[in-house]
Amino acid sequence: VAVLNAIVAASGAKIVFSTSWRKRQEVDALAGYLAFRGFVGEVIGATPQLYRSADGVRYERGHEVQQWLDENPCSGYAILDDDDDVAHLRHHFVRTDYFEGGLNEADASAVLRLFGERPRR
């Protein structure tokens with residue numbers, strides 16, 4: 001959470017959940033969990049849950065992110081996750097490592113580069 005707070009402080013980013021947890025929890029509950037852990041940023045929503053297209057193609061998380069972006073244009077974004085099902089949005093993706101403790105300083109630097117920011121030391 002401290003690393004996420006540093007990213008938000010450096011970039012002004014806001015959080016949109018695309019986590020699979022959003023399928024079991026409301027956005028407010030997820031935001032509350034982050035706040036309880038010390039997150040001080042702003043959560044502004046969650047991506048839609050898409051399953052299969054009309055022709056039976058399984059949607060990936062990247063398609064859900066794309067739909068959110070289509071409905072909520074923004075000047076920049078980064079996708080942070082330990083799973084790489086981001087479809088065509090790979091150039092905005094920073095893969096975290098679940099087994100190494102999740103979001104770390106190297107990930108934060110990668111995110112800030114996506115936003116065109118320099119990491120603060």
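This is a predicted model: local features need pLDDT of at least 70, side-chain atom pairs count only at pLDDT 80 or more; totals for chains, interfaces and linings use all residues.
Arg95 is partly exposed, at 46% relative accessible area. Asp84 is also partly exposed, and its relative accessible area is 30%.

The whole structure holds 4 salt bridges. Another of them joins the side chains of Arg61 and Asp81, at 2.9 Å from N to O. Because Arg61 is in helix H3 and Asp81 in strand S3, this pair ties together parts that lie 20 residues apart in sequence. Arg61 is buried, since its relative accessibility is 11% and the cut-off for burial is under 20%. Asp81 is likewise buried, with a relative accessible area of 11%.

Arg61 also makes a salt bridge with Asp85, where the closest N and O atoms are 3.4 Å apart. Here the link runs from helix H3, which holds Arg61, to the loop between S3 and S4, which holds Asp85, and the two residues are 24 residues apart. Arg61 and Asp85 are both buried.

## Helix H3

Which residues of H3 are buried? They are Arg61, Gly62, Glu64, Val65, Trp68 and Leu69. Viewed down the axis of H3, these buried residues fall within an arc of 160°, so they line one face of the helix. Asp70 and Glu71 are exposed and sit on the face of H3 turned away from its buried side.

The buried set of H3 includes Arg61, the residue that bridges to Asp81 and to Asp85.

## Helix H2

Helix H2 spans residues 27-36, and its buried residues are Leu30, Ala31 and Leu34. Seen down the axis of H2, they fall within an arc of 100° and therefore line one face of the helix. Asp28 and Phe36 are exposed on the other side of H2.

## The loop between S3 and S4

The loop between strand S3 (79-81) and strand S4 (93-95) contains Ala87. Most residues other than glycine have a negative phi. Ala87 is not a glycine, yet its phi is positive, at about 55°. Ala87 is partly exposed because its relative accessible area is 22%, and the partly exposed class begins where the buried class, under 20%, ends.

## Charged surface patches

Asp82, Asp83, Asp97 and Glu100 form a surface patch of negative charge. Glu100 is placed in the loop between S4 and helix H4 (105-114). Glu100 counts as exposed because its relative accessibility is 61%, and the cut-off for exposed is over 50%.

A surface patch of positive charge is made up of Lys23, Arg24, Arg52 and Arg58. Of its members, Arg52 lies in the loop between strand S2 (43-46) and helix H3 (61-71). Arg52 is exposed, with a relative accessibility of 57%.

Val16 is part of strand S1, residues 15-17. Val16 is partly exposed, at 26% relative accessible area.

How far apart in space are the C-alpha atoms of Glu42 and Ile15? The distance is 6.1 Å, with the two residues 27 residues apart in sequence. Glu42 is located in the loop between H2 and S2. Glu42 is partly exposed, with a relative accessible area of 43%.

Key:
Residues are numbered from 1 along each chain as its sequence is written. Side-chain values use heavy atoms; hydrogens and water are left out. Patches are made of residues with over 30% relative accessible area and no salt bridge: like charges are joined within 9 Å, nonpolar side chains (Val, Leu, Ile, Met, Phe, Trp, Tyr) within 5 Å. Accessible areas come from the Shrake-Rupley method with a 1.4 Å probe; for residues, only the protein chains shown count as cover. Lys and Arg count as positive and Asp and Glu as negative; His and the chain ends are not counted. The place of a charge is taken as NZ of Lys, CZ of Arg, CG of Asp or CD of Glu. Helices (H or I, at least four residues) and strands (E, at least two) are DSSP runs, numbered from the N terminus. Buried means under 20% relative accessible area, exposed over 50%, partly exposed in between (1.4 Å probe, protein chains only). The arc is that of the directions from the helix axis to the C-beta atoms.
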